[in-house]
Amino acid sequence: MTSGLSADAVPLQQEARRLMYVLVGRDPDDREAKLMLGSVLYGLGSTLVSADQPDESLAALTECAGVYAELGESGEPGMQPLVADVHARKALVLAELGRGVSAVIDADQAVMRYLDLGAGSSDSPLFLDLARVLSLNASVLYDYGDRDLAVCSADWAVRFYLSQAEAINDAPLAESFVHGRYLRGSAGIAARVHTQQGRPEIALAVGATEVHSARAMARTNAPVDLAHLVTALVHHGLNLRAAGRGDEGGEFIKEGRELDPPTAVEATRVWQSLTAQDTVGATRPPSMSFAAVLAAAARKLGDDRVPSVLWALAFDPADGATTMVPSLRCEMQTAPAMATLLAGLAVDLLEDPDPYSAREAGLLGREAHYLFAAASRAQVLSMRFQFHDFGATWARMLLALIPAFETGPGGAVIARDLAGWLAGVTLRLQPIALVDQVTARLVEECNALVERLLP
């Protein structure tokens with residue numbers, strides 16, 4: 001529902017943006033004016049989200065990131081946390097628009113910037129900001145990425161929040177509620193993934209945290225907060241039952257059902273889908289985790305098609321792993337080579353007749369894309385001086401992957417999102433195409449696909 005207050009504020013903020021651009025235009029070296037412009041754009045981006053105008057919000061936040069980045073490059077202090085926060089907000093908006101690939105990349109950038117600023121240290125003033133962004137990152141990854149990365153990010157968000165529980169409780173009420181909702185969200189994701197991946201003890205521990213935080217948030221009596229509480233109660237109760245604690249679990253389930261019967265029914269259905277066991281002759285969608293999909297690729301394509309270096313990119317989320325974003329899978333200098341291997345697996349899986357292979361190819365292909373993008377952003381030397389090889393591999397994988405998403409259920413937006421990235425890769429390949437016929441044909445194919453999806 002559109003907020004009337006937010007909608008009324010949009011014209012005023014847009015006028016403020018226009019005036020600030022006038023001031024900056026008069027004196028491009030006026031840092032104070034640029035700081036004010038960034039603040040106006042940041043506020044406008046937030047207001048436009050509340051006013052149900054996500055496309056316009058994304059445009060404002062993209063402008064804001066550019067302004068803050070330019071100020072940082074010119075030596076203005078304190079810009080890096082602001083740039084990180086803008087990337088986090090952009091990730092939320094992109095996810096709302098269904099542009100999950102770009103959402104994961106922006107969330108990755110937000111987390112990495114905070115880590116580079118030392119926010120992972122408990123005495124850092126940015127510690128709770130990192131916890132918030134890790135929770136957001138977990139949500140984006142749960143919907144659009146690797147569930148192993150998602151649960152690792154969620155687990156660390158929960159740890160960080162619990163370690164600062166006293167400070168959060170003593171904070172102003174509005175701030176406490178903001179962090180409480182992020183804690184509830186990250187605990188919920190952690191509980192779901194640990195349940196699905198067969199780690200009941202961890203699921204119960206983090207599920208208790210979800211219930212506790214959901215109870216606190218439900219004091220608002222807002223329907224969405226009550227629905228979260230019902231879901232948390234039912235899921236935790238069912239996990240307790242599965243662990244042999246039937247009476248205790250029954251009390252949680254009963255409470256959820258009494259609060260909101262329809263939501264409790266849906267929560268039960270979701271939990272059953274998470275814990276469904278294979279039956280003879282039954283086929284189930286694969287778990288959307290990197291390790292599980294890599295195992296499926298080895299089973300379908302042959303063990304020799306999955307080199308050991310790719311297995312090294314997988315990890316056990318329950319073993320203290322700190323791989324919370326795709327950029328942390330490997331050293332950036334090796335990322336183009338790892339992405340190339342993943343791209344080859346993704347393309348081969350697309351040719352496999354198994355009905356779930358396209359979905360598995362989609363996950364491996366996106367992981368390859370994230371590594372290519374991260375290496376490009378980090379200006380890894382091989383991405384600069386061997387782009388004729390790595391860029392061409394990137395483009396060919398996207399050419400194969402985009403039609404698979406386009407024809408899949410709900411994948412048209414992802415296909416267009418990837419097409420936007422393909423357009424950027426193609427642009428960088430064009431100078432090479434002038435002297436290489438193979439690249440020229442590839443660029444022609446890429447341009448045709450981009451023009452069809454992004455007219």
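How many disulfides does a search of the whole structure find? I got 0, where a disulfide is a pair of cysteine sulfur atoms within 2.5 Å.

**Ground rules.** My model is predicted, so local features need pLDDT of at least 70 and side-chain atom pairs count only at pLDDT 80 or more, while totals for chains, interfaces and linings use all residues. Residues are numbered from 1 along each chain as its sequence is written, and side-chain values use heavy atoms, with hydrogens and water left out.

**Cysteines.** I looked up C152 next. Its sulfur sits 15 Å from the closest cysteine sulfur, in C330, which is too far for a bond. C152 is buried at 2% relative accessible area, and C330 also counts as buried, at 16%. (Buried is under 20% relative accessible area, exposed is over 50%, and partly exposed is in between, with a 1.4 Å probe and protein chains only.)

**Helix α6.** I checked residues 127–144 here. At 1.5 Å a residue, the 18 residues should span 26 Å, and the end C-alpha atoms are 26 Å apart, so that agrees. The expected span is 1.5 Å times one less than the number of residues. Helices are DSSP runs (H or I, at least four residues), numbered from the N terminus. Of the 18 residues of α6, 15 are buried, so the rest of the structure largely encloses this helix.

**Salt bridges.** I found 22 of them in the structure; each is a side-chain nitrogen of Lys or Arg within 4 Å of a carboxyl oxygen of Asp or Glu. Side chains of opposite charge can pair when their charged atoms come close.

- R18 pairs with E15, with the closest N and O atoms 2.7 Å apart. Both lie in helix α1 (residues 4–26), 3 residues apart, about one turn of the helix.
- R18 is partly exposed at 46% relative accessibility, and E15 is partly exposed at 36%.
- E266 meets R269 at 2.6 Å, N to O. This pair lies in helix α13 (residues 261–275), again 3 residues apart, about one turn.

An α-helix has 3.6 residues a turn, so residues three or four places apart point the same way.

Which parts of the chain does the pair of E360 and K300 link? Their side chains meet in a salt bridge at 2.6 Å, N to O. The pair links distant parts: E360 is in helix α17 and K300 in helix α14 (residues 290–301), 60 residues apart. E360 counts as buried at 3% relative accessibility, whereas K300 is partly exposed at 23%.

Note on methods. Helices (H or I, at least four residues) and strands (E, at least two) are DSSP runs, numbered from the N terminus.
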